[in-house]
Amino acid sequence: MQPITDRPIRWGVLATGGIATSFVEDLAAVPGAEVFAVASRREESARAFADRHGIAHAYGSWQELAADPEVDVVYVATPHAAHHSATALLLEAGKAVLCEKPFTLNAGQSAELIALARKREVFLMEAMWTYLDPTVRRIAELVADGAIGEVRSVQAEFGFVAAEDPAHRLWDPAAGGGALLDLGVYPVAFAQLLLGAPESVQAWARLTASGVDANTGILLGHAGGATALLSCSLDVQCGQRAAVQGSAGRIEIDRDFFHPAGFTLYRDGADPEVFTGPAKTGHGYGLEAAEVMRCLRAGETESPLVPLDSTLSVMRTLDAVRERIGVRYPGE
């Protein structure tokens with residue numbers, strides 16, 4: 001892949017929902033970024049989105065966006081059941097891709113996309129903002145430096161109350177619905193950032209009549225006896241808290257562990273240390289765009305901060321959780 005060093009990087013956006021709107025709004029504040037084109041399955045939707053955000057080109061099909069030679073990179077903002085097909089189309093056309101999380105419905109689909117990107121030497125990254133958040137990165141650095149000794153336990157929760165509506169994608173198996181893929185990907189990714197891939201997976205869940213998970217608890221077992229106790233829910237309003245506990249201290253995040261404002265470090269024999277992260281700007285998607293653009297300007301096909309192997313590892317854990325709780329999506 002040739003580095004892009006002498007001009008703005010031209011973004012395409014695939015889909016026109018709320019998350020696409022948030023991404024485009026954040027992209028306006030990223031130096032050197034240009035929102036160049038948008039695509040939807042309906043031309044009127046693409047045109048309305050383009051008019052609303054001042055985007056020059058609007059396409060009524062994904063294929064037209066993929067074929068536009070002026071587009072450097074595409075943000076895939078579709079519901080996750082369409083991530084595989086949309087991303088594969090773009091990679092085949094030689095387009096760099098930032099794909100919203102969860103990367104795909106299952107690890108098999110993820111492995112196919114990763115193999116395709118590597119074969120064609122095209123950039124690909126999951127939009128996992130947690131791995132790019134400077135406060136989370138500081139936590140990972142402290143853990144790696146032994147600030148709390150050997151990590152023995154990670155705990156994280158993510159949940160909110162959503163009205164059960166079979167017509168909504170959150171509750172629709174065909175759309176990859178349920179708490180796990182929408183919310184559970186965050187605590188699993190956070191735990192694996194600190195502990196790596198688990199050696200064993202246990203899980204329990206309340207399933208809906210349609211067969212998706214509404215409330216799921218996860219226990220991961222790691223090498224050396226470390227554990228991760230995680231939960232995700234569409235039934236419960238959680239505090240979005242997390243804790244990392246080690247042999248010589250602990251780290252606690254009081255809220256929004258996936259993009260926290262700060263955290264407290266407790267070291268044995270010392271006063272608590274309160275860390276405050278940098279002020280948040282926009283919706284948080286600018287971090288993802290900036291890392292993609294850094295990679296494109298450096299000629300890199302993968303981000304070292306959101307590596308594809310880590311994305312695949314998390315998807316394998318999510319697959320194992322679904323196997324334990326009995327959730328399968330159509331076509332699997």
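Me: Which residue just after H4 takes a positive phi?
Reply: This is a predicted model, in which local features need pLDDT of at least 70, side-chain atom pairs count only at pLDDT 80 or more, and totals for chains, interfaces and linings use all residues. Residues are numbered from 1 along each chain as its sequence is written, and side-chain values use heavy atoms, with hydrogens and water left out. Helices (H or I, at least four residues) and strands (E, at least two) are DSSP runs, numbered from the N terminus. Just after H4, a positive phi of about 85° belongs to Gly-94.

Me: How many residues of helix H4 are buried?
Reply: Buried means under 20% relative accessible area, exposed over 50%, and partly exposed in between (1.4 Å probe, protein chains only). Among the buried residues of H4 are His-83, His-84 and Leu-91, and their cover includes strand S1 (9-14), strand S5 (96-100) and S6. H4 spans residues 83-92 and is mostly covered, the buried count out of 10 being 7.

Me: Is Asp-72 buried or exposed, going by its relative accessibility?
Reply: Asp-72 lies in the loop between helix H3 (62-67) and strand S4 (73-76). Contact means heavy atoms within 4.5 Å, and beyond its neighbours within four places in sequence, Asp-72 is in contact with residues including Ile-4, Pro-8 and Lys-95. Its relative accessibility is 13%, so Asp-72 counts as buried.

Me: With which side chain does the side chain of Asp-72 make a polar contact?
Reply: A polar contact is a pair of N or O atoms within 3.5 Å; within protein, one must be able to donate a hydrogen and the other to accept it, and residues adjacent in sequence count only if both atoms are side-chain atoms. The Asp-72 side chain also reaches the backbone nitrogen of Arg-10, at 2.8 Å. Its side-chain partner, at 2.7 Å, is Arg-7.

Me: The charged end of Arg-250 sits over the ring of which residue?
Reply: A charge sits over a ring if NZ of Lys or CZ of Arg is within 6 Å of the ring centre and within 35 degrees of the ring normal. Arg-10 does this with Phe-36, 5.9 Å from the ring centre. For Arg-250 the distance is 3.9 Å, and the ring is that of Tyr-266.

Me: What kind of pair do the rings of Phe-257 and Phe-258 form?
Reply: Rings of Phe, Tyr and Trp (its six-membered ring) pair if their centres lie within 6.5 Å; planes under 30 degrees apart count as stacked, over 60 as edge-to-face and the rest as tilted. The whole structure has 11 aromatic pairs. These two rings have centres 5.5 Å apart and planes at 85°, so the pair is edge-to-face.

Me: How far apart are the end C-alpha atoms of helix H9?
Reply: The expected span of a helix is 1.5 Å times one less than its number of residues. H9 has 18 residues (308-325), so it should span 26 Å, and its end C-alpha atoms agree, being apart by 26 Å.

Me: Which residue follows H9?
Reply: Within H9, buried residues including Leu-312 and Val-321 belong to a set that packs against elements such as helix H7 (179-195) and strand S8 (200-207). The residue that follows H9 has a positive phi, near 80°, and is Gly-326.

Me: What is the relative accessible area of Pro-272?
Reply: Pro-272 is found in the loop between strand S13 (262-267) and strand S14 (273-276). Not counting residues up to four places away in sequence, Pro-272 touches Thr-264, Leu-265 and Tyr-266. Pro-272 is partly exposed, with a relative accessible area of 48%.
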